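Work through the exercises below with the sequence and the model in view. Each task is followed by a solution in steps.

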Amino acid sequence: DPSPTGQSSPAAAEVTTVPIRPAWRKARQGLAARAQLARAIFHVLDIDGDGRLRARELHFFAQETGFQGSSELWNDEYKFLCQDRGLEVSEGMPEAAFSAFLDDKSEAGCYCSDDELRKVLSRLEARRISCGAAAEDANVMVLAGMAYQ
């Protein structure tokens, strides 16, 4: 409120400032969150824990992102995918290559938005949880109705 002299009182002039994060910091945090999503999906898919996704493991991701072909057709797709990325089929796809695959907007990639990645992760985790302790007791991992020993 202005004083009788027409000037603002010192209390009215005080403004609380909120630090504004630079755009680059927000973008960097977004990239970090995306990288964490990719990493989480990778680890859910890496059933045998060897740090590489083989055809049967990546098949779960493919199904969650729209692939509806048979296992045989997926194996062929997986071979092409590895060749496009310069990977040996027998060695599988390491985490860095999987992350790059998710960020690749070309025909050779499988770009997914952050929201899509969250949904895929949620569905994969739900499938893994639903397999139950019996599978773990038998040293078998069941994910999406497929068992691997």
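**Exercise 1.** How many aromatic pairs does the structure hold?

Solution. The model is predicted: local features need pLDDT of at least 70, side-chain atom pairs count only at pLDDT 80 or more, and totals for chains, interfaces and linings use all residues. Residues are numbered from 1 along each chain as its sequence is written, and side-chain values use heavy atoms, with hydrogens and water left out. Rings of Phe, Tyr and Trp (its six-membered ring) pair if their centres lie within 6.5 Å; planes under 30 degrees apart count as stacked, over 60 as edge-to-face and the rest as tilted. The structure holds four such pairs.

**Exercise 2.** Are Trp-74 and Tyr-78 buried or exposed?

Solution. Buried means under 20% relative accessible area, exposed over 50%, partly exposed in between (1.4 Å probe, protein chains only). Both Trp-74 and Tyr-78 are buried.

**Exercise 3.** How many residues of helix 3 (residues 55–64) are buried?

Solution. Eight of the 10 residues are buried, among them Phe-60 and Phe-61. Just after helix 3, Gly-66 has a positive phi of about 115 degrees.

Methods:
Helices (H or I, at least four residues) and strands (E, at least two) are DSSP runs, numbered from the N terminus.
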